[in-house]
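Reader: I want to learn how to read strand pairing and a ligand site. Can we work through a case together?

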Amino acid sequence: MRAFTYQRAHTPAQAAVAVAGTPGARFIAGGTNLLDLMKLEIETPTLLIDVNALKLDTIEATSEGGLRIGALVRNTDLAADGRVRRDYAVLARALLAGASGQLRNKATTAGNLLQRTRCPYFYDTNQACNKRVPGSGCAAIGGFTRNHAIVGASALCIATHPSDMAVAMQLLDAQVETVSPDGTARVIRIADFYRLPETTPHIEHNLMPGELITSVTLPTPLGGQHFYRKVRDRTSYAFALVSVAAVIQPGNAGRIAVGGVAHRPWRVPAAEKALPQGAAAVTAQLLAGAATTPENRFKVTLVERTIASILGDARSGKEA
Ligand code: SF4
């Protein structure tokens, strides 16, 4: 690990100014992803700004009938919150499907949104990776692609986003609240938060340099039956091959979002309109234009079967 300077911030604006003013500076809270990346020298920040003292660790009702989740609320606490369990069960289930209990105790809401891909070539510094070193190439293309994207990828990067929580946030139309180094606040719809790789796979979201996430808000509860189904190689502490978040209303109307298939949580309005027609129609819309390899084409079938399983359980009243 390379040497770095460590400072503790006391206000969000102070933290944002400190990171914006030092090239290579990073915020740190739980550190569950960043510290691993630093040990591997994939991330080499010269300055770490510790934001843990910023008092952004509460969950409050909003005047619109939703919830405001502080950026520093730990994943364990968010999953255990009674309001989340009752009104946003898909989010609680997605959180509990992620990582391990120990990691959820440290990982924060903002950090979970910002975690980096688990593409194995990204973590192997002997391999070419446009995300790690822009312009160096992509060893995954033509390599082993079982866990890689089948939609929304580019000729420069085929990585997937690893977060379970972000899939549920996408489904719920969450909004990300931030503060910039000049003190201004802004709200970013989660649908506009993540970027596809296109020609800049090293830029993964639309935050500006130094812009700090302060909270994530959820709109009023959707009602309906909530599902988060994660299919993976092990039953715990593994990333999704495919995950499906769904809120199903009477008559099979509802919402659906998928993880493990793209550079960001994947949601397609036409697929939601197709819900009453069943899993095959939904999958056809969700994964239209999918570009698969022999190693990952199973994901198309897996998405369809996972959606079919959810719709079957919704009909028989088995929410999970
Ligand atoms: Fe890097 Fe993306 Fe290629 Fe993986 S898929 S090696 S993250 S450029």
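Author: Start with a single pair of residues. This is a predicted model. Gln7 has Ile49 in β3 as its bridge partner.

Reader: How many bridges join β1 to β3?

Author: Two strands count as paired once there are at least two bridges between them. Here β1 and β3 (residues 47–50) share four, and they run parallel.

Reader: What is the strand order in that open sheet?

Author: The order is β1-β3-β2, with parallel pairing. β1 (5–8) and β2 (26–28) are the edge strands, each pairing on one side only. On average, neighbouring strands in this sheet are turned by 30 degrees against each other, direction ignored.

Reader: Which strands form the antiparallel sheet?

Author: Five strands do, in the order β4-β5-β8-β6-β7, and this sheet is open too. β4 (59–61) and β7 (185–189) each have a single partner strand, so one side of each lacks a neighbour in the sheet.

Reader: How many bridges pair β4 with β5?

Author: Three, in the antiparallel sense, with β5 covering residues 67–70. For one example, take Ala61: its bridge partner in β5 is Leu67.

Reader: Now the ligand. Where does the ligand sit?

Author: In the largest cavity. To read its shell, list the residues with a heavy atom within 4 Å. That gives 13 residues around the ligand, the closest being Cys119, Cys129, Cys138, Cys157 and Ile158.

Reader: How do the shell residues divide into nonpolar, polar and charged?

Author: The shell has 11 nonpolar residues, one polar and one charged. Note that Cys counts as nonpolar in this scheme.

Terms used
Residues are numbered from 1 along each chain as its sequence is written. This is a predicted model: local features need pLDDT of at least 70, side-chain atom pairs count only at pLDDT 80 or more; totals for chains, interfaces and linings use all residues. Side-chain values use heavy atoms; hydrogens and water are left out. On a 1 Å grid over the protein atoms alone, a cavity is a set of points where a 1.4 Å probe fits but cannot get out, and a pocket is an open set with protein on both sides within 12 Å along at least five of seven lines; lining residues have an atom within 4 Å of a point. A molecule sits in a cavity or pocket if more than half of its atoms lie within 2 Å of its grid points. Helices (H or I, at least four residues) and strands (E, at least two) are DSSP runs, numbered from the N terminus. Axes are lines fitted to C-alpha atoms, for helices over the stretch in contact, and angles run from 0 to 180 degrees between N-to-C directions.
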